[in-house]
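Welcome! Please take a moment to look at the sequence and the 3D view below, and then we can walk through them together.

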Amino acid sequence: FGAVGIAGMRLDAILTASQQHGASDILLSAGSAPALRIDGDLHPVEAPVSTGDDVAAAIEALMGARVL
């Protein structure tokens, strides 16, 4: 899923950032930039706003097309 893009960032880059920063959650929502929950606080990722297609592509890459 490294080639899947989320708001101009590769999904693997977001996953790597979450691991490096000890994030408990990755928040992907259409109309917002991706965010990481770190120690209970939300930290936006420096990326453009996600579209619905971005979020759907991430879900499909992580969980498979049958989820959608």
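Two residues are said to be in contact here when they have heavy atoms within 4.5 Å of each other. This is a predicted model, in which local features need pLDDT of at least 70 and side-chain atom pairs count only at pLDDT 80 or more, while totals for chains, interfaces and linings use all residues. Residues are numbered from 1 along each chain as its sequence is written, and side-chain values use heavy atoms, with hydrogens and water left out.

**A leucine and the core around it**

Setting aside neighbours within four places in sequence, leucine 36 is in contact with Ile14, Ala17, Ser18, His21, Ala23, Asp25, Ile26, Asp41, Leu42, His43 and Val45. Leu36 also belongs to the largest nonpolar core, whose 5 residues are Ala17, Leu36, Ile38, Val45 and Ala47. A nonpolar core is a set of buried Ala, Val, Leu, Ile, Met, Phe, Trp, Tyr and Cys residues joined through side-chain atoms within 4.5 Å. Buried means under 20% relative accessible area, exposed means over 50%, and partly exposed lies in between (1.4 Å probe, protein chains only). In soluble globular proteins, nonpolar side chains tend to be buried together.

**Two helices**

Helices (H or I, at least four residues) and strands (E, at least two) are DSSP runs, numbered from the N terminus. Here are the two helices side by side.

| Helix | Residues | Buried | Exposed on the other side |
|---|---|---|---|
| H1 | 11-20 | Leu11, Ile14, Ala17, Ser18 | Gln19, Gln20 |
| H2 | 52-63 | Asp54, Val55, Ala58 | Asp53, Met63 |

In helix H1, Leu11, Ile14, Ala17 and Ser18 are buried. Seen down the axis of H1, these buried residues fall within an arc of 125°, so they line one face of the helix. The arc is that of the directions from the helix axis to the C-beta atoms. Serine 18 has its place in H1 and is buried, with a relative accessible area of 10%. Not counting residues up to four places away in sequence, serine 18 touches Ala23, Ile26 and Leu36. H1 is followed by glycine 22, which has a positive phi near 70°.

Helix H2 has 12 residues and reaches 16 Å from its first C-alpha to its last, close to the 16 Å expected at 1.5 Å a residue. That expected span is 1.5 Å times one less than the number of residues. In H2, Asp54, Val55 and Ala58 are buried. They cover an arc of only 95° around the axis, which puts them on the same side of H2. Just after H2, glycine 64 takes a positive phi of about 95°.

**The sheet and its hairpin**

Next comes an open sheet of 3 strands, in the order E3-E4-E5, with antiparallel pairing. Two strands pair if DSSP finds at least two bridges between them. Strand E3 (25-27) and strand E5 (41-44) are the edge strands, each pairing on one side only. Strand E4 (residues 35-38) and E5 pair in the antiparallel sense over 4 bridges. The bridge partner of arginine 37 is leucine 42 in E5, and that of alanine 35 is proline 44, also in E5.

Which residue takes a positive phi in the hairpin of E4 and E5? It is aspartate 39, in a hairpin with 2 residues between the strands. Its phi is near 55°, a positive value in a residue other than glycine. Aspartate 39 is found in the loop between E4 and E5 and is exposed, with a relative accessible area of 74%.
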